[in-house]
Amino acid sequence: TALGSATRDGMRVTGAATSTKDFSAGEPPPPKGAKPRKSRPAAPDPANLLAWYDRHRRRLPWRALPGERADPYRVWLSEIMLQQTTVKTVAPYYLGFLQRWPNVASLAEAPLDQVLKSWAGLGYYARARNLHACAKAVVERHGGRFPSDEAALRALPGVGAYTAAAIAAIAFDRPHVPVDGNVERVIARLFAVDEALPAAKPAIQRLAQSLMPQHRSGDFAQSLMDLGATICTPKKPACALCPWLPSCLARAGDEPDVFPIKAAKEKGRLRRGAAFVVVRGDGAVLVRTRPPTGLLGGMTEVPTSEWLHDFNEGTALDSAPVFSPVSENNKSWRRLPGIVSHVFTHFPLELMVYLAEVAAATAAPKNGRWAPAEELAGEAFPTVMRKVLAHALGPNSIKPTHPSRQIFHTEAQGLSIARRTT
């Protein structure tokens, strides 16, 4: 193209110059008789982005105000919650956690089942288990204070490269650039990176790090996040408002929507199964707790069959719970119309739902327990189980679990959406 291409960090970067400080350095003159080439944009200046951030920074519940020192606990808690989850969704959960567990020591002392119940509905439940394990590790290994070193942060449960960089930069002003989905998009467009994600991730990380200013590391990290969340959005970016417009190679080529380039994802194979909702005479519902590790580990569910690619509807009732006395097993199961659909990260799921009623004195089968109707809201049901119960018992069968999540409802509605990666 008129912008040309170069190799940076072992990859092609369309329109990139060999120096990040001068995009036009070493530009050869056009051949005689050829049309003049478009001049390459000047290198992006971090100072311009920071000046924009000082005027337009987002107000977020976990973000320190200008001049305030960030609380490492709040930064960590928000970053874990924001993994693969929107700001709007996270805000009320974050505020509820902070109200209940205001510091890492109080969270470390909390029973895991209480943490899981408070997390219910937020998804990606391994994060909740790791959150609890990390709080304990910070107390046991570091005396209740988060380490400022990125390597020490990465040694904590559930803290990956992105989260460690975010905590180090935002909470301790260390010179690291955390690269989430927003920052990936900004950098891929800024440098017109023509290698597809996820293969381009290491080079995008290096390009982002090359822009780090000597001061205000935490503000710079958050300014990149805000730029991607509010200006350099996935669709219809507001390029005219971007402080780095003069430096953006994707914009210079009039193709910001092309970047970042993403490799096609393979669709997971559909799994199917049956869910069994049993209501006792007094309104209690039969539930059980999933194994502590694996998908939805430690969460509450109604009994289900295995979730299989080749599920046989004809034998679904073979997986139904067995009661004592035996007479209760003769209760007829009623197959409810329709199915419950849910999409996990790696596969879609369809569940047929069966409903049965048993006498009030019926004992729970092995590994099961009765959850009183008035306590269902406090159970750690993942979203798929909430769908099952709503399908079987009605949309109001489970009330919102935490009133505290509604305290800042108005503010949360106004938050810009941002997606994070681990």
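Contact here means heavy atoms within 4.5 Å. The model is predicted: local features need pLDDT of at least 70, side-chain atom pairs count only at pLDDT 80 or more, and totals for chains, interfaces and linings use all residues. Numbering starts from 1 along each chain as its sequence is written, and side-chain values use heavy atoms, with hydrogens and water left out.

**View 1. Tryptophan 244 and the nonpolar cores.** Leaving out residues up to four places away in sequence, tryptophan 244 touches Pro44, Asp45, Pro46, Asn48, Leu49, Val186, Leu190, Leu211, Phe220, Leu224 and Leu227. A nonpolar core is a set of buried Ala, Val, Leu, Ile, Met, Phe, Trp, Tyr and Cys residues joined through side-chain atoms within 4.5 Å. The largest has 107 residues, of which Trp76 and Trp244 touch the most other members. Another core, of 15 residues, lies apart from it and includes Phe276 and Trp333.

View 2. Strands are DSSP runs of at least two residues, numbered from the N terminus. In E3 (residues 271-280), nine of the ten residues are buried, so the strand is largely enclosed by the rest of the structure. Buried means under 20% relative accessible area (1.4 Å probe, protein chains only). Ten bridges join E3 to E8 (residues 348-358), and the two run parallel. Arginine 280 stands opposite valine 358 in E8.

**View 3. Serine 305.** This residue sits in the loop between strands E5 (300-301) and E6 (334-335). Serine 305 is buried, at 6% relative accessible area. A polar atom of its side chain lies 2.9 Å from the backbone nitrogen of alanine 274. Beyond neighbours within four places in sequence, serine 305 contacts Gly273, Ala274, Phe276, Phe311 and Ser319.

Conventions:
Buried < 20%, exposed > 50% of the residue type's maximum accessible area, 1.4 Å probe, protein only. Helix = DSSP H or I, 4+ residues; strand = E, 2+ residues; numbered from the N terminus. Pairing = 2+ DSSP bridges. Polar contact = N/O pair within 3.5 Å; in protein donor to acceptor, adjacent residues only side chain to side chain.
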